[in-house]
Amino acid sequence: GLGLYIDGSNNADLYGFTLTNLYVHHGGMNDGQHLILVGLYQGHSVHDVLIDNVEASNGWRGIEIGGKCCNIPASRSTNITIRNANVHDVQSDGILTASSNNALTENSLVYNTGLMSALQNHTPNGLWTWDCDNCTVQFNEVYASHSPTWDGGAFDIDYFTHNNTYQYNYGHDNDAYCMSIFGGDGNDV
């Protein structure tokens, strides 16, 4: 199942969520069974979200932010902050910020991710952004990021992304890269 899930209905956007001082653990171990999931690409986005001092462990994915998808900047989630997170021992990604504008992920520790034995959904990374504009990732550490096939890196700026800044991060001892940038097949990055 899901650990903590915030989502809406009727295509209505959601506003103003603060998640602080939480320990979310031992969720489901299969695709879609997230520990913390805010928004799920279902025709609405979330705005003004703070996730601070949260630990997420032993589940499918650690923390994921979603929004209206894909490559439609005016309808994405906005003003997202994830800080002081500790995400570890997850089957897929540690922290994924997707379909968002003006997101900040900082001062977080992500390790022992991508533990799935066979590929489900997409290949995992430690901490990454996808379909994000004006997103900043800084002062984070990612290590022991794994993957059953490709990826398995620490940090990743992925498709449909513009003006992202990754700075002052530390990635080490991962299956693959420290930092990657994707989108070379004609999609903007």
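**View 1. Glycine 28 sits in the loop between strand 2 (14-25) and strand 3 (36-38).** Strands here are DSSP E runs of at least two residues, numbered from the N terminus. With a relative accessible area of 12%, glycine 28 is buried, a word used for values under 20%, whereas exposed means over 50% and partly exposed covers what is in between (1.4 Å probe, protein chains only). Look across to aspartate 52: 24 residues separate the pair in sequence, and their C-alpha atoms are 23 Å apart in space. Before moving on, please note that this is a predicted model, in which local features need pLDDT of at least 70 and side-chain atom pairs count only at pLDDT 80 or more, while totals for chains, interfaces and linings use all residues. Residues are numbered from 1 along each chain as its sequence is written, and side-chain values use heavy atoms, with hydrogens and water left out.

**View 2. The whole protein has 16 strands and zero helices.** Helices would be DSSP runs of H or I with at least four residues. The radius of gyration is 15 Å, close to the 16 Å that the globule rule gives for 189 residues, so the protein is as compact as a globular protein of that length. That radius is taken over C-alpha atoms, and the rule is 2.2 Å times the number of residues to the power 0.38. Along the principal axes, the C-alpha trace spans about 40 × 40 × 30 Å. Of the 189 residues, 51% count as buried.

**View 3. The largest nonpolar core has 31 residues.** Such a core is a set of buried Ala, Val, Leu, Ile, Met, Phe, Trp, Tyr and Cys residues joined through side-chain atoms within 4.5 Å. Ile36, Val38, Ile51, Ile63, Ile82, Val87 and Ile95 have the most contacts inside the core. Strand 4 (residues 46-59) gives the largest share of this core, five residues. Apart from this core lies another, of five residues, among them Leu96, Ala98, Trp128 and Trp130.

**View 4. Valine 38 touches residues that include Ile6, Leu19, Val46 and Val49.** Also on its list are Ile51, Glu64, Ile65 and Gly66, with residues up to four places away in sequence not counted. A contact means heavy atoms within 4.5 Å.

**View 5. Alanine 56 lies in strand 4.** Which residues is alanine 56 in contact with, leaving aside its neighbours within four places in sequence? They are Val24, Leu35, Ile36, Gly62, Asn86, Val87 and His88. Alanine 56 is buried, with a relative accessible area of 0%. Asparagine 79, by C-alpha to C-alpha distance, is 21 Å from alanine 56, and the two are 23 residues apart in sequence.

**View 6. A cis peptide bond joins cysteine 69 and cysteine 70.** Its omega is about 5°. To find the spot, follow the chain to the loop between strand 5 (63-65) and strand 6 (77-83), where cysteine 70 has its place.

View 7. Serine 99 is found in strand 8 (residues 95-106) and, at 0% relative accessibility, counts as buried. Asparagine 134 lies in the loop between strand 10 (127-133) and strand 11 (136-138) and is partly exposed, with a relative accessible area of 39%.
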